[in-house]
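Please look through the sequence and the model shown here before reading on. The notes that follow are meant for a reader who is new to them.

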Amino acid sequence: MERAGLYAGAALGQVSEVNVRTSQGDPLLDADFFRRWMTAAAASVDREAERLTALDSPIGDADHGSNMQRGFRAVTAVLEREAPDTPGAVLQLAGRQLISTVGGASGPLYGTLLRRAGKALGDAAEVTEEQLADALRAGVDAVMALGGATPGDKTMVDALVPAVDALGTSFEAASAAAEKGAVATTPLQARKGRASYLGERSIGHQDPGATSSALLIAALVEAAGE
Amino acid sequence: MLINVPETVVADALRGMAAAHPELIVDVENRVIVRRDAPVAGKVALVSGGGSGHEPLHGGFVGPGMLSAACPGEVFTSPVPDQMVRAAAAVDSGAGVLFIVKNYTGDVLNFDMAAELAEDEGIQVAKVLVNDDVAVTDSLYTAGRRGTGATLFVEKIAGAAADEGQPLERVQSIARQVNENSRSFGVALSACTTPAKGSPTFDLPSGELELGIGIHGEPGRERRPMMTAREIADFSVHAVLDDLEPHNPVLVLVNGMGATPLLELYGYNAEVQRVLAERGVAMAHTLVGNFVTSLDMAGASVTLCQVDEELLRLWNAPVCTPGLRWGR
């Protein structure tokens with residue numbers, strides 16, 4: 001069964017030569033920036049895979065690193081193959097690829113985060129940082145609706161919500177906020193996902209999903225710095 | 001571990017399964033296991049799936065009288081919607097497809113997405129959620145009770161109803177009835193080792209055991225000094241009966257987690273039957289063996305399923321799968 005409709009639509013070529021430029025003082029982000037973001041995220045997940053899996057052992061099932069690695073490697077491959085030419089198309093394609101390759105809860109949740117953010121960006125060739133922040137907020141809202149988690153449940157939401165709040169300031173601020181949010185999950189008792197089965201025994205461990213979310217946000221800084 | 005590399009564990013197992021079971025179509029690339037005679041005209045099809053590492057669940061339960069297709073995910077990781085839609089399309093005769101979903105966040109999200117996509121393709125889909133594990137408090141503060149041993153009862157009994165030609169709505173309500181009348185409780189004497197990690201998922205010293213474990217190598221609710229089979233049976237069966245309070249006879253599943261010998265499982269079953277007799281619970285049928293496993297974890301779970309005459313008739317109906325076979 002081929003669902004061409006789901007994966008089609010990414011025209012080749014039309015890659016903007018200008019990556020970041022200034023218009024009314026606000027840097028514009030093009031498809032190339034978003035591809036660099038996904039590539040940087042994939043590299044970061046590769047580097048940190050063992051740590052993510054180790055965090056997933058005491059309160060999960062010891063596979064978060066390998067699952068994220070498989071997903072983001074597939075994202076890098078499909079972005080190279082299909083070369084989507086707008087920021088929205090890059091994120092939507094990346095999201096669909098995560099849904100199709102990761103499985104578990106992480107696949108639908110990360111996939112929905114990126115797909116919904118991509119949809120929010122529409123078909124603009126370039127977007128502002130403010131538009132990116134709004135789009136990611138829409139993505140995080142969709143993640144909370146799908147998974148039913150709210151801040152404080154010891155999930156990826158605990159890194160993503162503060163990150164989106166700080167995106168208005170800078171990518172660096174967002175990255176720092178995400179990292180802080182991930183670390184702050186340690187004393188929490190999990191109320192969603194597999195860690196919630198442990199009850200109070202989930203306390204004292206940093207949440208692997210919040211940790212990978214912080215990596216995704218940190219990759220924004222890398223993408224902007226290149 | 002008896003493997004090549006962690007990355008190919010699932011694909012390698014599927015290739016081996018294909019060679020051992022010519023009565024199944026095993027699509028290694030797309031990770032779908034389908035009974036060879038599907039779609040069966042006029043009959044509802046059953047599709048289940050979940051992370052690998054629980055064998056024979058689910059692929060070993062594909063065949064006449066049970067599942068039409070199964071979707072194996074990575075080890076302990078839900079399969080993706082693409083697999084489920086592909087499976088549904090392969091087995092749908094036009095009578096509709098029942099998705100049997102164990103209650104884990106990942107399984108629920110992926111099957112929900114798959115149901116939407118399958119319906120877009122004109123396939124009628126119904127779902128049943130399996131959540132039988134009494135070790136988890138079902139509340140707003142957890143992901144809800146886990147689907148464990150009752151999955152076998154749901155797949156077998158709903159499979160028999162589908163085999164008889166009952167319509168989708170009826171097969172779904174029978175599956176729900178089985179789940180609502182089933183409860184499980186499991187213990188671990190050792191953690192398990194996932195191929196990706198290569199070392200035990202949690203540290204359990206010998207001389208201690210975990211009470212209330214799931215089937216994904218996650219620790220349980222409570223750790224205690226080692227208990228005897230008699231004490232474990234008392235604890236487990238009471239935990240199940242305190243929640244189920246059966247007035248009809250029960251099906252009993254004494255299920256090994258993967259590394260506990262049958263000798264021990266049968267001894268454990270003797271203690272389980274003793275507790276049932278003490279509590280005045282009638283036993284209709286008992287199954288002892290490794291059916292819903294957790295890789296190489298040592299330990300066992302007890303599942304009780306209260307059955308009326310209709311459910312017992314469907315349970316006794318013929319079944320012919322790699323993991324469960326009788327009556328034909």
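Into which domains is chain B divided? Chain B is divided into domain 1 (6–180) and domain 2 (182–312), with bounds that come from an automatic or database domain assignment. This is a predicted model, in which local features need pLDDT of at least 70 and side-chain atom pairs count only at pLDDT 80 or more, while totals for chains, interfaces and linings use all residues. Residues are numbered from 1 along each chain as its sequence is written, chains are lettered from A, and ligands are numbered from 1, in the order in which they are written.

**The two domains of chain B**

- The C-alpha centres of domain 1 of chain B and domain 2 of chain B lie 23 Å apart.
- The contact between them takes 24 residues from domain 1 of chain B and 30 residues from domain 2 of chain B, where two residues are in contact if their C-beta atoms, placed from the backbone, lie within 7 Å.
- On the side of domain 1 of chain B that touches domain 2 of chain B, the elements that give two or more residues are helix H4 (150–163) and helix H5 (168–180) of chain B; helices (H or I, at least four residues) and strands (E, at least two) are DSSP runs, numbered from the N terminus.
- The largest share of that side of domain 1 of chain B, five residues, comes from H4(B).
- By class, that side of domain 1 of chain B has 13 nonpolar, seven polar and four charged residues, with Ala, Val, Leu, Ile, Met, Phe, Trp, Tyr, Cys and Pro counted as nonpolar, Asp, Glu, Lys and Arg as charged, and the others, Gly among them, as polar.

**Strand E10 of chain B**

- Seven of the seven residues of strand E10 (residues 250–256) of chain B are buried, so this strand is largely enclosed by the rest of the structure; a residue is buried if 20 or more other C-beta atoms lie within 10 Å of its own, with C-beta atoms placed from the backbone.
- Both faces of E10(B) are covered, with Val250(B), Val252(B), Val254(B) and Gly256(B) buried on one side and Leu251(B), Leu253(B) and Asn255(B) buried on the other.
- Six bridges join E10(B) to strand E11 (residues 283–289) of chain B in a parallel arrangement, and Leu253(B) stands opposite Leu287(B) in E11(B); two strands pair if DSSP finds at least two bridges between them.
- E10(B) also pairs with strand E12 (residues 299–306) of chain B, in the antiparallel sense over seven bridges, and here Val252(B) stands opposite Leu304(B) in E12(B).

**Chain A and its contact with chain B**

- The secondary structure of chain A comes to nine helices and three strands, and of its 226 residues, 60% count as buried.
- Between the chains, 29 residues of chain A are in contact with 35 residues of chain B.
- The elements that give two or more residues to the side of chain A that touches chain B are helix H2 (31–59), helix H3 (64–82), helix H4 (87–101), helix H5 (106–120) and helix H6 (129–147) of chain A.
- The residues of that side of chain A divide into nine nonpolar, 14 polar and six charged.

**The largest nonpolar core**

- Of the 177 residues in the largest nonpolar core, Ala69(B) and Ala158(B) touch the most other members; such a core is a set of buried Ala, Val, Leu, Ile, Met, Phe, Trp, Tyr and Cys residues joined through C-beta atoms within 7 Å.
- The largest share of this core, 13 residues, comes from H2(A).
- Domain 1 (6–180) and domain 2 (182–312) of chain B both give residues to this core, so the core lies between them.

Terms used
A residue is buried if 20 or more other C-beta atoms lie within 10 Å of its own, exposed if 12 or fewer, and partly exposed in between; C-beta atoms are placed from the backbone.
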